[in-house]
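The tour moves from one selection to the next.

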Amino acid sequence: MNGWVVKMNTRAQRLLTTRWYWLCVVAVGVALETVALYYQYVLGDEPCQVCIHVRIWVAGFTLVGLIMLVLPSTPWLTLVGQALTLACTVGLWERCKYLLDLENGKGDGACSFFLGFPDWFALDRWIPFLFEVRNLCGFTPEMPFGISMAQYLIVVSTLLAITAAAALLVTLSAAAGD
């Protein structure tokens, strides 16, 4: 049994600490942003404040993945990249949960047309096609199989956070073994 655990840990380590992992992180982020833009510009479902927060967290872990693809692969850089990815996916999960709660009539319902970010982080002015708030919160569009976007997002963000946590644990385990 112990040999099986070691073998699985070695496989997980190889999978979750390679450039292929970071390429998958980037691909998932680009796919999520593409779906959001498709719903906005093709189907006409304008994003709310919380939807833009979701996009920002997705852009965050996508940017981390891109940086990790470019930087040399060292144990400490990998550890930092894994920790940042976990932070972004947990932030993403929190915003998705908040969005789902809003959609189901729970929570405080706080939402506005402005991100409220400071001038030094004015993403809505710098990249308005992606980060401009254009609707009030309340519902998300229906996606395939009659499931709302918020419901899909909570599942996706949960899987991403679990994967990022596993990757961080594998990286920590490898660092402790060195």
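Begin by selecting Gly44, which lies in the loop between H2 and H3; helices here are DSSP runs of H or I with at least four residues, strands are runs of E with at least two, and both are numbered from the N terminus. This is a predicted model, in which local features need pLDDT of at least 70 and side-chain atom pairs count only at pLDDT 80 or more, whereas totals for chains, interfaces and linings use all residues. Residues are numbered from 1 along each chain as its sequence is written, and side-chain values use heavy atoms, with hydrogens and water left out.

Gly44 is partly exposed, with a relative accessible area of 45%; buried means under 20% relative accessible area, exposed over 50%, and partly exposed in between, for a 1.4 Å probe and protein chains only.

Next, select residues 19-41, which form helix H2. H2 has 23 residues and reaches 32 Å from its first C-alpha to its last, close to the 33 Å expected at 1.5 Å a residue, where the expected span is 1.5 Å times one less than the number of residues. Show the side chains of the buried positions in H2, among them Tyr21, Trp22, Val25, Val26 and Glu33.

The axes of H2 and H3 come within 8 Å and cross at roughly 150 degrees; axes are lines fitted to C-alpha atoms, for helices over the stretch in contact, and angles run from 0 to 180 degrees between N-to-C directions. H2 and H3 are therefore roughly antiparallel to each other, a term for angles over 145 degrees. Their crossing is left-handed, meaning that the near helix is turned anticlockwise from the far one by less than a right angle. The residues of the contact of H2 with H3 divide into 17 nonpolar, four polar and three charged.

The crossing of H3 and H4 is left-handed, and the residues of their contact divide into 17 nonpolar, seven polar and one charged. H4 itself has 29 residues and reaches 41 Å from its first C-alpha to its last, close to the 42 Å expected at 1.5 Å a residue. Just after H4, select Gly105, which takes a positive phi of about 75 degrees.

The cysteines are the next stop. How many disulfides are there? The count comes to zero, a disulfide being a pair of cysteine sulfur atoms within 2.5 Å. The sulfur of Cys48 is 3.1 Å from the closest cysteine sulfur, in Cys51, too far for a bond, and Cys48 is buried, with a relative accessible area of 3%. For Cys96 the closest cysteine sulfur is also in Cys51, at 9.2 Å, too far for a bond, and Cys96 is buried at 1% relative accessibility.

Move on to Phe145, in the loop between strand E1 (142-143) and strand E2 (147-148). Phi of Phe145 is near 70 degrees, a positive value in a residue other than glycine, and Phe145 is exposed, with a relative accessible area of 78%.

Finally, zoom out to the whole protein, whose secondary structure comes to seven helices and two strands, running α-α-α-α-α-α-β-β-α from the N terminus on. Along its principal axes the C-alpha trace spans about 55 × 35 × 30 Å, and of the 178 residues, 37% count as buried.

Definitions and conventions: Nonpolar A, V, L, I, M, F, W, Y, C, P; charged D, E, K, R; others polar. Parallel < 35°, antiparallel > 145°, perpendicular 65-115°, else oblique.
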